[in-house]
Amino acid sequence: MKKAALLLSALFTVLFSSSQDRVTGELFATRSEVIAQNGMVATSHPLATQVGIDILKKGGNAIDAAIAANATLGLMEPTGCGIGGDLFVILWDAKTKKLYGLNASGRSPKNLTLDYFEEKGMTKIPSYGPLPVSVPGAVDGWFELLNKFGSLPIKDILTPAINYAENGFPLTELIGHYFSLSVDRFLMAKFENIEDTYVRNGKIPKEGEIFKNPYLADTYKKIADGGRDAYYKGEIAKTITDYIKSQGGFLSMEDFKNHKSEWVDPVSVNYRGYDVWELPPNGQGIAALQMLQILEGYDFSNIEFGSAEHLHLFTEAKKLAFEDRAKYYADMDFAKVPVQELLSDSYAEERRKLITDRASKYDAGEISAGETIYLTTADKEGNMVSFIQSNYRGMGSGMVPPKLGFMLQNRGELFNLKRGYFNTYEPGKRPFHTIIPAFITKDGKPFLSFGVMGGDFQPQGHTQIVMNLVDFGMNIQEAGDAPRWDHSGTSKPTGEPAEGTGKIHIESKIPYESVRGLMKRRHKVGFGLGGYGGYQAILWDDENKVYRGASESRKDGQASGY
């Protein structure tokens, strides 16, 4: 009887673990889409979403709202972003009816050479400390966006974040969890200025407790008054560079003065009638496009979502794309990255032929060639912004300049220290980047602004979202709520080789039947916790002339419209 009871309990768990008891939609959906006519904002924090909506209601456009929300997230979600990091944007401009891309990532110090690492016997740039710190590009990105597309002055845009920094806000559940873990780790490592910036009354703030950051409020005020130059040519830059040099690093005032963002043309592939857009390297966005090119060669109308066949084909496409990612993706000012060749139909067909019915290990193709936040906004004029920003590795490098209120990024960790590779370290070079915004158009019109946070998972998340919408007919909230999987173990842009055929990490709602089928195909399968990204999306419903918004159920975020 006891065995029968246990079996019955297990059966009920399998049958009903994915149910939300909703009368409409997929069983795994957590809520309905948010639908509104005049504007939409979706971020990973409800208060940041409200700040963006307030900006729209005051007459700001989607670009203004995105920057205001990002500044607020830099305060409220320092575990994922801040003005010590970089940002990337794809935006739809309603006036020109065109997509624009912005690469606002920073470069390595001019005074730091590969010889330094070799003389120290270092084979990898460390995760923490001064050496992985590159020039932060986020603030310059704000002003590039404002100068080209914004409508409100920076003072109006930063005022909500300044008020929250001065008066405080309550930490949310997931952010509070990561905040406590990160700050405690940096305290144990005895990094300077951590306690002064993030600890209050002798303890690390937790979920529900009020947190204030007066140093960040002052920094934002200086930027509001002095503009871009206040950060890159004034007191803020001097404080950062003096501090980094005192820690044994190499960033200089010259590095900050010479920094500039770059407007780039997004690149795309067509997936079953939908044009999916990403930014070209030094980011990894084209990995999602390579995966989609390979997967388009299979008929998913006869393949069930979450089945072993679905996950197997997806994983093999991912492995193929990521081997190319490790070999070719880098700063295109330093390397002739063969973007068009990598995205071509003929190359996808060639790579697709390598896939069998078993888990395989691949090499990169031969081509001749000379923790993060995501938010999205849309306004009543039709502008839509896909915006991603990060410090890397959660809070970043552990380097907190005195009395500025933020931590510096550690993106430089992602350089390769072996000579002769596309992503080999060089002075003044942008490192390989994981953060990627995405956009979909259909018949030349905006369709979806979306992104999925989460390091190496991001191209996999983008591809899963596109397939959920196009192949499996989900709405945008269902597409984000659907069970996910993450493959690890392919070769890395930092030089580490593939670990056999890698491993598939699945969420608990993937059925065991699929797990068993994957094992029969010789895949290694296991569970993962918290590594499946964070998603936001806004869809333009051209038939009804409304926006539809969705926010990640695995995070603290919210989509809201008016």
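A salt bridge is a side-chain nitrogen of Lys or Arg within 4 Å of a carboxyl oxygen of Asp or Glu. The views below come from a predicted model.

**View 1. Arg548 and Asp541 form a salt bridge.** The N to O distance between the two side chains is 3.0 Å, which lies within the 4 Å limit. Asp541 has a relative accessibility of 10% and counts as buried.

**View 2. Asp471 and Arg272 are joined by a salt bridge.** Their side chains meet at 2.7 Å, N to O. Asp471 is buried, with a relative accessible area of 17%, because a residue counts as buried under 20%. Arg272, at 29% relative accessibility, is partly exposed.

**View 3. Four charged residues are linked in a network of salt bridges.** The members are Glu262, Asp331, Asp333 and Arg430. Within this view, the side chains of Arg430 and Asp333 meet at 3.4 Å, N to O. Arg430 is buried, with 2% relative accessibility, whereas Asp333 is exposed, with 53%.

**View 4. Ser390 makes a polar contact with Arg411.** The contact runs from side chain to side chain and spans 3.0 Å. Ser390 belongs to strand S11, which covers residues 384-390. Its relative accessibility is 0%, so Ser390 counts as buried.

**View 5. Tyr128 and Phe186 form an aromatic pair.** A search of the whole structure finds 25 aromatic pairs. In the pair shown here, the ring centres are 5.6 Å apart and the planes stand at 80°, so the arrangement is edge-to-face. Tyr128 lies in the loop between helix H4 (114-119) and helix H5 (138-149), while Phe186 is in helix H7 (residues 173-188), so the pair ties together parts that are 58 residues apart in sequence. Tyr128 is partly exposed at 28% relative accessibility; Phe186 is buried, with a relative accessible area of 1%. Phe186 also forms an edge-to-face pair with Phe191, with 5.7 Å from centre to centre and 70° between the planes.

**View 6. Six aromatic residues form one cluster.** The cluster consists of Phe28, Phe300, Phe305, Phe314, Phe472 and Trp485.

**View 7. The charged end of Lys148 sits over the ring of Trp263.** The distance from the charged end of Lys148 to the ring centre of Trp263 is 5.3 Å. Another example is Lys442, whose charged end sits over the ring of Tyr274, 4.5 Å from its centre.

Key:
Residues are numbered from 1 along each chain as its sequence is written. Side-chain values use heavy atoms; hydrogens and water are left out. Helices (H or I, at least four residues) and strands (E, at least two) are DSSP runs, numbered from the N terminus. Buried means under 20% relative accessible area, exposed over 50%, partly exposed in between (1.4 Å probe, protein chains only). A polar contact is a pair of N or O atoms within 3.5 Å; within protein, one must be able to donate a hydrogen and the other to accept it, and residues adjacent in sequence count only if both atoms are side-chain atoms. Rings of Phe, Tyr and Trp (its six-membered ring) pair if their centres lie within 6.5 Å; planes under 30 degrees apart count as stacked, over 60 as edge-to-face and the rest as tilted. A charge sits over a ring if NZ of Lys or CZ of Arg is within 6 Å of the ring centre and within 35 degrees of the ring normal.
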